Each structure stands twice: as structure tokens, then as C-alpha cells.
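This report is for a reader who is meeting the structure for the first time.

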Amino acid sequence: MSRSYRPRTVAALAAIALAAAVPVLGAGAASATPGGGCQSAMVQYRIVGADGNVVGADWTSQGGFHQWDTAPGTVEVRLAAGQSVAEGCKYPVSLAEYTTEGPDWETSGRQTLADKATVYLTAADIAGADDAKRTWQRLTVKSPDCYGQIDLYGDDVTYDGGTGEGHGPAPYRPDNVATPYHLIAAWNGGDKPCAPGTPDSPTPTASQPSPTPTEPTTPATPADSTPPADTTTEPTTPKPAKTPPTSADVPPLQSAPPTAEPSPDDSSPPLAETGSSAPVGPIAGAAALVVVIGAAGMFAAARRSRRS
């Protein structure tokens with residue numbers, strides 16, 4: 001091997017080592033882009049009677065609080081047409097029945113959960129051009145026979161006052177506890193209290209003495225039959241009730257997690273993982289060290305061959 005050929009060989013090997021190190025040095029600019037999550041979606045509903053026929057208006061997204069003539073014990077739900085829902089996205093919709101202390105939100109007082117049903121809407125539940133033969137997901141709760149409230153809402157939490165996982169505070173108008181959250185629509189009604197009334201007079205106990213029949217009691221004559229004057233300066237006017245907000249836009253159960261690439265069997269990370277968290281500095285230093293050691297070795301070999 002000639003002297004002119006050996007330096008060219010050393011230079012060529014060094015260039016190859018440097019070229020191999022350049023992609024590693026530039027890998028710090030690459031990073032993985034996580035996949036998109038599920039977005040909120042609009043729900044439509046309609047009330048179905050015991051005979052299977054639609055009660056009142058057909059599909060709607062109208063919110064607000066409504067007074068019922070007949071309690072909406074069964075409600076069908078779907079996703080409104082024209083929406084794009086990714087595969088794997090789920091939208092919980094619940095129907096809850098409460099017994100209340102009055103027939104509307106203002107007088108509802110303390111509410112007690114009596115029944116609840118939940119379904120999960122997906123892309124298969126989006127309304128289409130021809131829905132004549134399609135069936136929709138149905139929510140059914142017991143019909144109240146007294147004062148009550150029925151809530152249609154967009155999550156699967158049970159709002160019964162429990163503290164465990166999956167439970168939330170029960171609605172309570174006096175303290176303005178406006179649950180359920182993600183309320184779509186609500187109905188109030190009823191024509192009688194849910195609990196029996198308290199007796200007018202308590203039953204006498206054995207410790208209470210009975211009046212002696214031989215001594216008739218004479219009713220006392222009131223000193224003044226004029227009723228006491230009203231010391232209230234002016235009557236308190238109750239403020240108008242403001243019902244909780246409603247919206248047919250409901251959140252998904254959870255966002256779709258990003259797809260994780262499986263790591264190869266060897267110890268080198270894939271390129272999609274060489275972002276700011278990857279050990280790019282040590283990798284680049286090791287590559288530079290390989291270049292230096294290789295060049296030094298080739299240089300030493302060249303000097304030994306010249307001496308021989």
C-alpha cells in the first residue's frame with residue numbers, strides 16, 4: 001500500500017464515521033405528535049309514551065326546565081346529524097328521577113334520587129338521512145306519583161349525595177346546589193307531597209294526666225281580643241327563581257389516548273422517541289468519540305507502516 005493511498009483511506013474512513021454520526025446529532029429536532037382526543041357532541045332527545053309513540057315534539061335539543069302533564073318516564077337519545085365522531089369516542093347520557101318537596105325548581109327543596117339510567121352514545125348513534133327503520137338508545141326511569149323532577153344530563157355520575165367514586169351532590173334549591181352537571185333538560189311536576197303529612201295533634205302519652213270530670217274547666221276570657229300589631233316594616237318579596245343552565249353539548253367519556261409505538265427489542269430508541277427527553281447529548285458525544293478514536297487508530301497504523 002502506497003503512502004498516498006493510506007491517508008486517503010484514513011480520510012475516507014473518518015468521513016464515513018462522521019456521516020454516521022450526523023443523523024444522531026440531528027435527531028434532537030424530531031418529536032412524537034400525540035393523537036387527537038374526542039370532542040364534545042350535541043345530543044338530541046324525544047319523549048316516548050307507554051304505547052311506544054312519541055309524546056309532543058319529535059327530536060329536539062331544546063334545554064330548559066319544563067312542567068310535565070305526564071311525567072317523561074322514557075326518553076330516546078341520539079347524536080345530532082352532521083357531526084364527526086372519532087372511533088372509540090363515547091358520550092354518556094343519563095336520566096335521573098328525584099322526589100322533591102314541590103312541583104317546580106323554586107319549591108323543589110331537598111331532592112332524593114329515586115331512579116337512574118345511563119347509556120353511552122357512539123358514532124353509530126349519529127342521525128342519518130334515512131332513519132325510518134333505525135332504533136335509538138332508550139332511557140327509562142320510574143314515573144313519580146308525587147312531586148318530582150326528572151333530569152336528562154350528559155355524564156354517568158350518580159348525583160345522590162354520596163361521596164364515593166361515581167357519586168356527586170344531590171340537587172338542593174335552598175343552597176343553590178345546581179346538579180346534575182352537564183344538564184341537557186329537566187322536567188318538574190306532581191300534584192301531591194311525596195311523604196305523608198305530620199298528624200295535627202300528638203297522641204297523649206301515659207305520663208299526661210287526664211282532666212278530672214268533676215271539675216269542669218272554665219275557659220279563660222282573653223284580656224284583649226285585639227290581635228297584636230304587626231311589627232314587620234314591610235313584607236319580604238321572594239326573588240324570582242333562576243333555573244340552572246342547560247346545554248345539549250355534552251363532553252365525551254374520555255379522550256382517546258395517543259397510540260404508543262412498541263419499543264424494539266434492542267436498546268436503541270425509535271426515532272419518534274428522540275425528542276427533548278431522549279439522551280441526545282450522550283449519544284452525540286459517543287459518536288464524536290468514535291470518530292476521534294477511529295482517526296487516531298488509522299493515523300497510528302499509517303505511521304507504523306511508514307517506519308517498516
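## A covered strand and its partners

In which sense do strand β8 and β11 pair, and over how many bridges? The model is a predicted one, and in it β8, residues 148-153, pairs with β11 in the antiparallel sense over six bridges. Within this pairing, Gln-149 stands opposite Asn-188 of β11.

Strand β11 covers residues 183-189, and seven of its seven residues are buried. Strand β3, residues 65-67, is also joined to β11, here by three bridges and in a parallel run. In that pairing Phe-65 faces Ala-186 of β11. Strand β11 is therefore bridged to β8 in the antiparallel sense and to β3 in the parallel sense, while buried means under 20% relative accessible area.

## Overall layout

The protein has two helices and twelve strands. Along the sequence the order is α-β-β-β-β-β-β-β-β-β-β-β-β-α. Of the contacts between residues at least 6 apart in sequence, 75% join residues at least 24 apart.

The protein has 308 residues, and 29% of them are buried. Its accessible surface is about 20100 Å², with 56% of that belonging to carbon and sulfur atoms.

## Confidence in the model

The mean pLDDT of the protein is 73, and 56% of its residues reach 70 or more. Over residues 233-240 the pLDDT is below 50, and this stretch has one contact in the model beyond near neighbours in sequence. The pLDDT is also below 50 over residues 255-292, where the model has 31 contacts beyond near neighbours in sequence.

## Strand β4, covered on both faces

Strand β4 runs over residues 74-79, and six of its six residues are buried. In a regular strand, side chains alternate between the two faces of the sheet. On one side of β4 are Thr-74, Glu-76 and Arg-78, on the other Val-75, Val-77 and Leu-79, and all of these are buried.

Which strands does β4 pair with? Five bridges join β4 to β1 in an antiparallel run, and Val-43 has Leu-79 of β4 as its bridge partner. Strand β7, residues 137-140, is joined to β4 by four bridges, again antiparallel. Here the bridge partner of Val-75 is Leu-139 in β7.

## The largest pocket

The largest pocket has a volume of about 300 Å³. It is lined by 16 residues, and the closest to its centre are Ile-47, Val-55, Gly-56, His-66 and Trp-187.

Which strand gives the most to the lining of this pocket? Strand β2 does, with five residues. The strands β1 (41-48), β2 (54-60) and β3 each supply at least two residues of the lining.

The peptide bond between Thr-179 and Pro-180 is cis, with omega about 0°.

Asn-176 lies in the loop between β10 and β11 as well. Although it is not a glycine, Asn-176 has a positive phi of about 55°. Asn-176 counts as exposed because its relative accessibility is 53%. His-182, which is also in the loop between β10 and β11, has a positive phi of about 55° and is not a glycine either. With a relative accessibility of 42%, His-182 counts as partly exposed.

Is Val-250 buried or exposed? Val-250 has a relative accessible area of 1%, so it is buried. This residue lies in strand β12, residues 249-250.

Leaving out residues up to four places away in sequence, Val-250 touches Ser-40, Ala-41, Val-43, Tyr-91, Gly-154 and Ile-184. Of these, Val-43 is the residue whose bridge partner in β4 is Leu-79. Val-250 and Val-93 are 157 residues apart in sequence, and their C-alpha atoms are 8.4 Å apart in space.

Conventions. Residues are numbered from 1 along each chain as its sequence is written. This is a predicted model: local features need pLDDT of at least 70, side-chain atom pairs count only at pLDDT 80 or more; totals for chains, interfaces and linings use all residues. Side-chain values use heavy atoms; hydrogens and water are left out. Buried means under 20% relative accessible area, exposed over 50%, partly exposed in between (1.4 Å probe, protein chains only). Contact means heavy atoms within 4.5 Å. Accessible areas come from the Shrake-Rupley method with a 1.4 Å probe; for residues, only the protein chains shown count as cover. pLDDT is the predictor's confidence in each residue, from 0 to 100. Two strands pair if DSSP finds at least two bridges between them. On a 1 Å grid over the protein atoms alone, a cavity is a set of points where a 1.4 Å probe fits but cannot get out, and a pocket is an open set with protein on both sides within 12 Å along at least five of seven lines; lining residues have an atom within 4 Å of a point. Grid points are joined across faces, edges and corners, and a volume is the space filled by probe spheres set on the points.
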